[in-house]
Amino acid sequence: MTTEKHALVAFGSNLNFGDFSPDQTIIDAVAALAAEGLPVARLSGLYQTPCFPAGAGPDYVNAAASIPLRHSQTATDVLAILHRVEAQFGRERIARWGMRTLDIDLLALDDSVLPNRATVQHWLDLPADQQRSMAPDQLILPHPRVQDRAFVLVPLAEVAPDWCHPILGKTTLQMLADLSACDRAQVTALNPGASD
């Protein structure tokens, strides 16, 4: 018997889409994913994160989700759906790491390493200045920056705390603990205590 596969995704938005605020856009994007065949099983709370670099634009709203996949769905299939949903919410790929109405990143597909371990390791080892100027021309899984980003790991820890990075050998919670307290503190719950 084969076990169910799961995709881990991260959401980000810091621009209104028509009358939708960034937090409403993310909630509506979850419904759009379900309509496209990617029903979210677990969705984190919504978090606010300062725009980077500081002062470059409005704060971001971030979230993360775990999505069970049909056995026939590949990482490429999932990515195509994510891009379609981004486009439904006005995403334009003009500037890398620029402001956006909606960004949905495919972070991981269980313990898959794509396209291969050497390529993923290359992107993991890339110096920060080169990360800003270079972009992969193919899907890299796990996402090469997942371990560096508090705005990804804080919500991801809600939905997949025990997911283990297949190359770094660390869980989501361990990668989050490796970040500075300052980085973690910049990611704040939008509705603290709302689920209590």
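1. **How to read the model.** Because this is a prediction, local features need pLDDT of at least 70 and side-chain atom pairs count only at pLDDT 80 or more, while totals for chains, interfaces and linings use all residues. Residues are numbered from 1 along each chain as its sequence is written, and side-chain values use heavy atoms, with hydrogens and water left out.

2. **Overall make-up.** The protein has seven helices and six strands; helices (H or I, at least four residues) and strands (E, at least two) are DSSP runs, numbered from the N terminus. Starting at the N terminus, the order of elements is β-α-β-β-β-α-β-α-α-α-α-α-β. Of its 196 residues, 43% count as buried, where buried means under 20% relative accessible area, exposed over 50%, and partly exposed in between (1.4 Å probe, protein chains only). Among contacts (heavy atoms within 4.5 Å) with a separation of 6 or more, 67% come from residues 24 or more positions apart.

3. **Partners of β4.** Two strands pair if DSSP finds at least two bridges between them. Strand β1 (residues 5-13) pairs with β4 in the antiparallel sense over nine bridges, and A10 stands opposite A64 there. Strand β2 (residues 42-43) is also antiparallel to β4, over two bridges, with R42 opposite S66. Strand β3 (residues 47-49) pairs with β4 in the antiparallel sense through three bridges; Y47 has N62 as its bridge partner.

4. **Nonpolar cores.** A nonpolar core is a set of buried Ala, Val, Leu, Ile, Met, Phe, Trp, Tyr and Cys residues joined through side-chain atoms within 4.5 Å. The largest has 26 residues, and F11 and V85 have the most contacts inside it. Elements giving two or more residues to this core are β1, α1 (22-35), β4, α2 (75-88) and β5. A second, separate core of 20 residues includes A64, V154, A157 and A160.

5. **Helices α1 and α2.** These helices pack at an angle of about 135°, with their axes 10 Å apart. Axes are lines fitted to C-alpha atoms, for helices over the stretch in contact, and angles run from 0 to 180 degrees between N-to-C directions. That makes α1 oblique to α2, since angles under 35 degrees count as roughly parallel, over 145 as roughly antiparallel, 65 to 115 as roughly perpendicular and the rest as oblique. The contact is made by A29, A32 and L33 of α1 with I81, L82, V85 and Q88 of α2.

6. **Backbone spots to check.** Most residues other than glycine have a negative phi, and most peptide bonds are trans. D110, in the loop between β5 and α3, has a positive phi near 50°, and this residue is partly exposed, with a relative accessible area of 27%. P115 lies in the loop between β5 (103-109) and α3 (117-125) and is joined to L114 by a cis peptide bond, with omega about 0°. Another cis peptide bond joins L141 and P142, with omega about -5°; P142 sits in the loop between α4 (128-133) and α5 (150-159).
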